[in-house]
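Hi everyone, thanks for making time for this.

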Amino acid sequence: MTSTALPTTDDLRARALAGLRNVGVEVAEGDDFHARTPLTGEPLFGLTAATDTDVEEAIAAARAAFLTWRTTPAPRRGELVRRLGELLREHKSDLADLVTIEAGKIRSEALGEIQEMIDICDFAVGLSRQLYGRTIASERPGHRLAETWHPLGVVGVISAFNFPAAVWSWNTAVALVCGDTVVWKPSELTPLISLACDHLLARAAEEVGAPRDVHRLLLGDRAVGEKLVDDPRVALVSATGSTRMGREVAPRVAARFGRSLLELGGNNAAVVAPSADLDLAVQGIVFAAAGTAGQRCTTLRRLIVHRDIADTLVERLTAAYRKLPIGSPFEDTTLVGPLISTEAFTRMQQALARVQAQGGEILAGGNRRLTEDAPAAAYAEPVLVRVGEQSDVVREETFAPILYVLTYDTLDEAIALHNDVPQGLSSSIFTRDQQEAEIFLSAAGSDCGIANVNIGTSGAEIGGAFGGEKDTGGGRESGSDAWKAYMRSATNTINYSSELTLAQGVSFL
Ligand code: NAD
């Protein structure tokens, strides 16, 4: 595994400030917490966190804006999102820089994250003319039965560090065309890209004449998120992050009969069948397992390989892992950037120690790199581990590039192993056998919200609904009809006859 040279913290600070300035943000420095960069592991500059008063004021402002935004025609609301999409296109490179500096993504993936935001804006603009209800056959003469969709209210968006901008846009673009307003609490690890996104949306709002307060940003840690969770004026809490976070958020929102949309941890697996095209499988597996330094919710964490091809596949993967270029995510040749923190590396080491104690064997990777160039950063070699059986470590999500290799003999066994984890986000099968593929996609197959064939577990398009089952939280965001989570439906019965006919043949008076 080769390494590439790192920029200094001073370079990164200057680049972040230049990017923000190009977007139109002048950073007001503060001393509550620091914007940091995982590239060197060092602080960039201090920022101010939202106070209780700021939270109160933001929710009140978003609620007041909702009262006018909800009656703005949806296609007009779409104009705001169209303008946002144009601004994202214009500033794609600067925004991608901020994603790389704060989240450590390689340039191509950071640009991909901004492209995903542009894509969801395009989708949401179209959606603004397609918020369809339906007409239902009424059992009564002279009656019409209809279902209509209405805006919900203020949506509280709580987001994770690893998709610091795209997850916001999935929620915000769709919520805005649905007539909701948004209060956003981003990850405390990625405040700068959040400032940039908020600024561009405010600019779009000003240009199209939408209320400024359709969107408010609140920087800070989980305490700020908890305020959104508990506030009855926040109609929907859309929370993306760890399952631990979801376990805390869901009951608190439910206790006040609010709605929550949860996008939580994954523990994604790919089954590799004997008929698989191994060239394609190796490429798909390495991208899904080592890409984003293993820090995607959809990262491939378990490989379930048929015993007949296990040795061949493991040999090819080991060779590919040994060649992965690790280093500065700004270098075109780098494929693996840093972990978000040294704590993340410690958790990776702990998981590896546990799996080895349970009979696992490390086949490639696992060392820390670039420790002399950046002692406070955590560059880790992606790891390939052969495990004898589905140990408890394998059933957990460790947010790092560890790929556990398990073997199977029958498809039933593979599917049972596949589903034997608490999480249910993404899954895939590599096979040329159509029957196997269809079984994997059927009700008797993968129990995940995303199930793929001949492609890895990560890298979803925005057109489909995104989300997972079980400990992943059950939410759906982004495309398809995920928009319905951001609206409330009303069933209307309209009597255009001159008789009052009661349903179910009931007579009265
Ligand atoms: P995290 O759970 O530590 O934090 C996520 C967000 O929740 C942050 O903004 C944090 O401040 C906030 N938060 C934490 N506890 C809270 C509480 N009790 N109340 C209110 N807010 C709270 O997650 P992370 O480390 O930033 O991100 C990594 C995790 O996110 C992984 O588990 C990953 O799988 C998951 N993730 C899931 C998806 C998905 O769509 N399913 C997408 C991205 C990330």
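This is a predicted model: local features need pLDDT of at least 70, side-chain atom pairs count only at pLDDT 80 or more; totals for chains, interfaces and linings use all residues.

Which atoms of the protein lie 3.3 Å and 2.6 Å from an oxygen atom of the ligand? For Gly 241, a backbone N or O atom is 3.3 Å from a ligand oxygen. For Ser 242, a polar side-chain atom sits 2.6 Å from an oxygen of the ligand. Then there is Glu 263, where a side-chain N or O atom is 3.5 Å from a ligand oxygen. As for the surface, the ligand taken alone exposes 850 Å², and the protein buries 92% of that.

Let's zoom out to the domains. The assignment divides the protein into domain 1, which covers 9-264 plus 473-489, and domain 2, which covers 268-462. Their C-alpha centres are 30 Å apart. Across the boundary, 30 residues of domain 1 are in contact with 23 residues of domain 2.

As a general point, nonpolar side chains in soluble globular proteins tend to be buried together. Here the largest nonpolar core has 144 residues, and the members touching the most others are Leu 192, Val 272, Ile 285 and Leu 303. Where does this core lie relative to the two domains? Domain 1 and domain 2 both contribute residues to the core, so it lies between them.

Beyond its sequence neighbours up to four places away, Leu 303 touches Ala 270, Val 272, Ile 285, Leu 313, Leu 317, Leu 403, Tyr 404, Val 405 and Leu 406. There is also a second, separate core of 20 residues, with Ala 50, Val 183, Leu 218 and Val 224 among them.

Asn 171 is in helix α6, residues 166-177. Is Asn 171 buried or exposed? Asn 171 is buried, with a relative accessible area of 0%. Its side chain makes a polar contact of 2.6 Å with the side chain of Ser 238. Setting aside residues up to four places away in sequence, Asn 171 touches Val 157, Ser 238, Glu 477 and Tyr 486.

Next is Ser 128, in the loop between α5 (107-127) and β3 (134-136). With 5% relative accessibility, Ser 128 counts as buried. A polar atom of the Ser 128 side chain lies 2.5 Å from the backbone oxygen of Val 125. Leaving out neighbours within four places, Ser 128 is in contact with Ala 74, Pro 75, Gly 78 and Val 177.

Last up is Ser 446, in the loop between α14 (434-441) and β19 (450-453). Ser 446 also counts as buried, because its relative accessibility is 11% and the cut-off is under 20%. Its side chain makes a 2.8 Å polar contact with the side chain of Ser 427. Apart from neighbours within four places in sequence, Ser 446 is in contact with His 418, Asn 419, Ser 427, Phe 440 and Ala 451.

Note on methods. Residues are numbered from 1 along each chain as its sequence is written. Side-chain values use heavy atoms; hydrogens and water are left out. A nonpolar core is a set of buried Ala, Val, Leu, Ile, Met, Phe, Trp, Tyr and Cys residues joined through side-chain atoms within 4.5 Å. Buried means under 20% relative accessible area, exposed over 50%, partly exposed in between (1.4 Å probe, protein chains only). Domain bounds come from an automatic or database domain assignment. Contact means heavy atoms within 4.5 Å. A polar contact is a pair of N or O atoms within 3.5 Å; within protein, one must be able to donate a hydrogen and the other to accept it, and residues adjacent in sequence count only if both atoms are side-chain atoms. Accessible areas come from the Shrake-Rupley method with a 1.4 Å probe; for residues, only the protein chains shown count as cover. Helices (H or I, at least four residues) and strands (E, at least two) are DSSP runs, numbered from the N terminus.
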